[in-house]
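Subject: Structure handover

Hello,

Here is the structure for your files. My notes on what was found follow below it.

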Amino acid sequence: MLNKIKRFIASEHLLRVDALYLVALSGGADSVALLLCLKELGYRVEAVHCNFHLRGEESLRDEQFCEELCQRENIPFHKVHFDTQAYADLHKVSIEMAARTLRYAWFAEQGGYVCVAHHADDQAETLLLQLIRGTGLRGLAGMAVERDRVWRPFLSFSRDTLLDFLQQCGATFVEDSTNSDTHYRRNWVRHELLPLLREVNPSIANTLSETASHMRQALSVYELGLQSIV
């Protein structure tokens, strides 16, 4: 896997060996794999962790796990605490939107490059969510490999690939209990809709991820066309 990641990073001109990268570390499998993978590839990394205080003792457990992991790996660790519920109530937004807004605002304040562990399965879920809501070309393009100094080195790789890497490393991670709660729309897509689609196409996650990539290419051509008109 390390060689595949290295080739993908090179092909996308993503990361430089002389730069510092902040890795968004939740303690879950995806982010642990990203942190260890980039460190193993020789990149200079530090971990950033958001405690949203939404899951009581479990949130504190995740924070402690991340801090201890970084201590073992000799990786600098930074954390921030948010009253996410208060922010959601004040701005009249969902908890998911509140957490996302707080998270990326804090990342922007750090002033460097931030790497997040979104992978091909996440991309597939994002595309399906956009279709359910209704969207245009930009929505169908899904998540970009790089945008606003946020990098996604795992975007072309499945979650199973990341889990295999962790198993080979003998690395542990923590599970977010809310990930199985299908009241959240993304979880419903993950646990209910995607399994149904896999009955028709076992490679549906990769298919949708590739579709999003094609849409991003089409979006680039469209935007270039608009610029030429202006």
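Two strands are taken to pair if DSSP finds at least two bridges between them. Strands (E, at least two residues) and helices (H or I, at least four) are DSSP runs, numbered from the N terminus.

The model is predicted, so local features need pLDDT of at least 70 and side-chain atom pairs count only at pLDDT 80 or more, while totals for chains, interfaces and linings use all residues. Residues are numbered from 1 along each chain as its sequence is written, and side-chain values use heavy atoms, with hydrogens and water left out.

The sheet

6 strands form an open sheet with mixed pairing, in the order β3-β2-β1-β4-β6-β5. At the edges stand β3 and β5 (146–147), each with a single partner strand, so one side of each has no neighbour in the sheet.

β1 (20–24) is joined to β2 by 5 bridges, and the two run parallel. Leu22 stands opposite Glu46 in β2. The chain goes from β1 through α2 to β2, a right-handed β-α-β crossover; right-handed means that, with the strands pointing away from the viewer, the path from the first strand over the helix to the second runs clockwise. 3 bridges join β1 to β4, again a parallel pair. There, Val114 in β4 is the bridge partner of Leu22, and Cys115 in β4 is that of Val23. 4 of the 5 residues of β1 are buried, so this strand is largely enclosed by the rest of the structure. Buried means under 20% relative accessible area, exposed over 50%, and partly exposed in between (1.4 Å probe, protein chains only).

β2 (residues 44–51) and β3 (residues 77–81) run parallel and share 5 bridges. Cys50 has Val80 in β3 as its bridge partner. With helix α3 (residues 57–73), β2 and β3 make a right-handed β-α-β unit.

The cores

A nonpolar core here is a set of buried Ala, Val, Leu, Ile, Met, Phe, Trp, Tyr and Cys residues joined through side-chain atoms within 4.5 Å. The largest has 39 residues, and those with the most contacts inside it are Leu15, Tyr21, Leu25, Leu35, Leu38, Cys115 and Phe154. Elements giving two or more residues to this core include α1 (2–11), β4 (113–115) and α8 (159–169). α2 gives the most, with 8 residues. A second, separate core of 15 residues includes Cys50, Val80, Leu102 and Val116.

Contact means heavy atoms within 4.5 Å. Not counting residues up to four places away in sequence, Leu25 touches Ser31, Val32, Leu35, Ala47, Val48, His49, Cys66, Leu69 and Cys70.

Helix packing

Axes are lines fitted to C-alpha atoms, for helices over the stretch in contact, and angles run from 0 to 180 degrees between N-to-C directions. α2 lies across β1, β2 and β4, running at about 160° to β1.

The axes of α6 (residues 120–133) and α10 (residues 204–229) come within 8 Å and cross at roughly 70°. That makes α6 roughly perpendicular to α10; angles of 65 to 115 degrees count as such, under 35 as roughly parallel, over 145 as roughly antiparallel and the rest as oblique. Among the residues making the contact are Leu127 and Leu128 of α6 and Leu208 and Arg216 of α10.

Tyr222 is also in α10. Its relative accessibility is 48%, so Tyr222 counts as partly exposed. Tyr222 and Pro202 are 20 residues apart in sequence and 32 Å apart in space, C-alpha to C-alpha.

Regards
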